[in-house]
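Hello,

Here is the structure I promised to pass on to you. Have a look at it first, and then read my notes below.

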Amino acid sequence: MTGMPADTEQEAQRLTALLSKEVESHGLLLEEVALRPSGKQMIVQIIVDKADGRDSVNLDELGEVTTTISNALDKDAAYASADPYELEVSSPGLSRPLTAHRHWVRAINRMVKISLSDGTKLRGRLLEVNDADVLVAEHREPAKKGMKTKVLDPAIHAFENIHKAVVDPELNFDDALLDTVDSEDLEG
């Protein structure tokens with residue numbers, strides 16, 4: 001491993017092949033492998049996710065899969081004799097683009113920002129996800145300060161017409177949505 005930027009994409013692909021089964025043994029998916037030089041060492045960033053898209057990776061699962069990945073890298077000839085490297089294993093962040101179906105499923109009942117292929121941008125609550133499209137209740141900001149946000153009737157947007165989408169974190173969360181949360185999730 002040379003640490004040169006030209007090598008990083010090829011090395012990331014090799015590590016993806018090497019580590020996929022290791023990660024899957026924990027019931028997780030290997031979402032992404034990225035390498036970036038930092039001074040004289042390489043940072044190996046690995047993102048893992050739940051396969052079903054409904055739950056998030058918890059800290060215990062993250063710790064266990066990190067140990068497995070670290071052990072696999074220690075046995076790999078390129079890393080066993082390599083210069084020091086830093087391993088970062090995490091779950092996808094909130095700012096991750098919604099690209100896979102499971103990302104959309106996890107975002108149900110959250111606010112999302114969507115850029116459509118025709119250039120239209122909208123912000124709204126994701127209500128449903130199907131194989132071909134999503135149902136979003138668009139929220140339009142008021143024209144004047146102090147006025148209420150206008151919530152439009154839900155509209156269907158086909159995946160093929162969505163250019164980019166991300167979860168839009170809410171600072172003023174609607175307490176009524178807590179009724180949709182399973183109380184067992186809060187206890188664990």
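A polar contact is a pair of N or O atoms within 3.5 Å; within protein, one must be able to donate a hydrogen and the other to accept it, and residues adjacent in sequence count only if both atoms are side-chain atoms. The side chains of Lys50 and Glu61 make such a contact, at 2.8 Å.

Before going on, please note that this is a predicted model, where local features need pLDDT of at least 70, side-chain atom pairs count only at pLDDT 80 or more, and totals for chains, interfaces and linings use all residues. Residues are numbered from 1 along each chain as its sequence is written, and side-chain values use heavy atoms, with hydrogens and water left out.

Back to Lys50: its relative accessibility is 16%, so it counts as buried (under 20% relative accessible area; exposed is over 50%, partly exposed in between; 1.4 Å probe, protein chains only). Among the residues that Lys50 touches are Leu28, Asp55 and Arg102, not counting residues up to four places away in sequence; contact means heavy atoms within 4.5 Å.

Now for the aromatic rings. The whole structure holds 2 aromatic pairs (rings of Phe, Tyr and Trp, its six-membered ring, with centres within 6.5 Å; planes under 30 degrees apart are stacked, over 60 edge-to-face, the rest tilted). Tyr79 and Tyr85 form an edge-to-face pair, 5.1 Å centre to centre with 80° between the planes. Tyr79 is buried at 3%, while Tyr85 is partly exposed at 21%. Trp104 and Phe159 also pair edge-to-face, at 5.5 Å and 65°.

Enjoy exploring!
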